[in-house]
Amino acid sequence: MDTGTTAFMLACIIGLTMMIPGLALFYGGMVSVKSSINMMMMTFGAVAVVGVLWVLFGYSMVFGDSYGDAGLLGSITEYAGLGEAIADGEVAVPLALFAVFQALFAGITVALISGAVADRMKFGAWMIFAAIWAVLVYFPVAHWVFAFDAADGSVIGGWIANDLKAIDFAGGTAVHINAGAAALALAVILGKRATWGQAPRPHNVPLTLLGAGLLWAGWYAFNGGSALAANNASSVVMLTTFIATCAAILAWLAVEQLRTGHTTGIGAASGAIAGLVAITPSCAAVSPMGSIVVGVVAGALCQLAVGLKDRLGYDDTLDVVGVHLVGGIIGTLMIGIVGNADMPSGVDGLLYGGGLEQLGRQAAAVVAVLAYTLIVTAAIALALKATIGLRVSPEDEESGIDSKLHRDPAYDLV
């Protein structure tokens with residue numbers, strides 16, 4: 001066993017864990033001071049509930065042998081409780097290490113959705129939604145994308161990874177398109193905030209910038225750790241992740257300046273996340289120059305996409321749809337356009353003479369995940385709305401969720 005790679009993956013797990021407070025700060029700074037704690041609690045709560053489900057059967061649903069060799073869902077019982085999984089020993093890294101690495105992927109994906117429902121969703125309803133959504137949406141889709149067939153044929157993995165052969169190095173489909181599509185469905189069914197139409201008032205921009213910086217740092221672990229080795233592939237991935245993020249910030253701010261006459265702190269933070277989202281699936285497929293293209297396209301188009309919620313009339317409070325859904329689609333499709341076979345993924349896109357075949361595979365993966373997630377998420381949200389209810393009362397929304405549900409204010413101003 002390569003102890004260097006094991007140490008690298010241990011460090012990546014620490015980096016991924018930094019993304020939990022990073023996301024909480026990023027979201028918490030953008031909402032009203034009256035619901036800042038609630039926003040942060042939704043991140044921590046989602047990771048906690050998904051972590052427990054992951055041990056019980058989530059890992060097995062994602063990485064177990066696919067039922068009927070169909071590539072749709074892993075065996076729920078094969079690794080239930082994780083005892084057998086960690087007893088099996090090691091593949092690229094110790095399986096116990098791989099299990100916690102992927103558990104953090106699952107928890108962060110669910111937590112991303114919460115930004116679309118800020119200021120108005122019951123915390124209890126959110127926790128139940130997070131648990132059900134992880135089981136019915138994230139675990140199956142992660143199996144499609146992340147579960148590869150065993151070399152000896154003993155385990156059959158997901159259809160997107162093995163049959164369609166779409167490339168998604170670290171989760172453009174399973175994480176970002178998945179979370180963005182869910183955010184859209186949940187936001188529409190939940191309804192608009194009482195303050196919809198008023199200018200957004202983030203209560204603490206420095207917190208959001210700090211959160212974005214922590215997410216940026218953790219993203220090296222998110223993408224680089226997906227190589228499961230301390231080697232050239234993980235090094236290339238970290239380089240393209242850095243470059244695309246820088247390019248996206250500049251593109252976002254340029255479009256923001258042209259549209260509004262200002263460059264904002266929220267814009268810089270959102271541009272960074274847009275670049276990180278877009279490079280997630282393509283980080284091992286594009287060259288450094290290609291990563292600049294991915295970042296520029298994502299920064300510019302995500303900035304424009306954020307404005308669509310006003311025209312289309314859905315209240316995606318913290319722009320999960322505009323950043324994660326749109327950014328995930330851009331990054332996934334760009335593999336089929338600027339992919340370079342000299343990079344670790346080994347695939348040429350359209351502009352490198354690869355033709356349309358890979359672009360078609362990438363588009364099919366986008367459509368499949370988007371359609372499945374929208375339909376199943378809508379069904380979950382409608383069922384919860386009809387039973388326990390999704391929204392806090394108008395009075396609690398007006399006075400602030402923190403004081404009603406969590407007792408702890410964000411700041412003691414007395």
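Five salt bridges are present in this structure. The model is a predicted one.

**Stop 1: D315 and R193**

Select D315 and R193. Their side chains form a salt bridge, with the closest N and O atoms 2.8 Å apart. Now zoom out and follow the chain. D315 sits in the loop between α12 (308-312) and α13, while R193 sits in the loop between α7 (172-190) and α8 (205-224). The two residues are 122 residues apart, so this pair links distant parts of the chain. Is D315 buried or exposed? D315 is buried, because its relative accessibility is 1%. R193 is buried too, at 17% relative accessible area. The cut-off for buried is under 20%.

**Stop 2: helix α13**

Select residues 320-338. This helix has 19 residues. How far does α13 reach from its first C-alpha to its last? The span is 25 Å, close to the 27 Å expected at 1.5 Å a residue. Helix α13 is mostly covered, with 15 of its 19 residues buried.

**Stop 3: the nonpolar patch**

Keep the surface on. Select L350, L351, Y352 and L356, which make a nonpolar surface patch of about 410 Å². Pick out L356 from this group. Where is L356? L356 lies in the loop between α13 and α14 (357-387). L356 counts as exposed because its relative accessibility is 59%, and exposed means over 50%.

**Stop 4: R391 and E397**

Select R391 and E397 and show their side chains. They meet in a salt bridge, 2.8 Å from N to O. Check each partner against the surface. R391 has 25% relative accessibility, so R391 counts as partly exposed. E397 has 15%, so E397 counts as buried.

**Stop 5: D408 and R407**

Last, select D408 and R407. Which contact do their side chains make? They meet in a salt bridge, at 3.9 Å from N to O. Now look at the cover on each. D408 is partly exposed, because its relative accessible area is 42%. R407 is exposed, with a relative accessible area of 73%.

**Before you close the viewer**

D315 and R193 are joined by a salt bridge, R391 and E397 by another, and D408 and R407 by another. They are among the five salt bridges of the structure.

Technical notes
Residues are numbered from 1 along each chain as its sequence is written. This is a predicted model: local features need pLDDT of at least 70, side-chain atom pairs count only at pLDDT 80 or more; totals for chains, interfaces and linings use all residues. Side-chain values use heavy atoms; hydrogens and water are left out. Helices (H or I, at least four residues) and strands (E, at least two) are DSSP runs, numbered from the N terminus. The expected span of a helix is 1.5 Å times one less than its number of residues. Buried means under 20% relative accessible area, exposed over 50%, partly exposed in between (1.4 Å probe, protein chains only). Patches are made of residues with over 30% relative accessible area and no salt bridge: like charges are joined within 9 Å, nonpolar side chains (Val, Leu, Ile, Met, Phe, Trp, Tyr) within 5 Å. Accessible areas come from the Shrake-Rupley method with a 1.4 Å probe; for residues, only the protein chains shown count as cover. A salt bridge is a side-chain nitrogen of Lys or Arg within 4 Å of a carboxyl oxygen of Asp or Glu.
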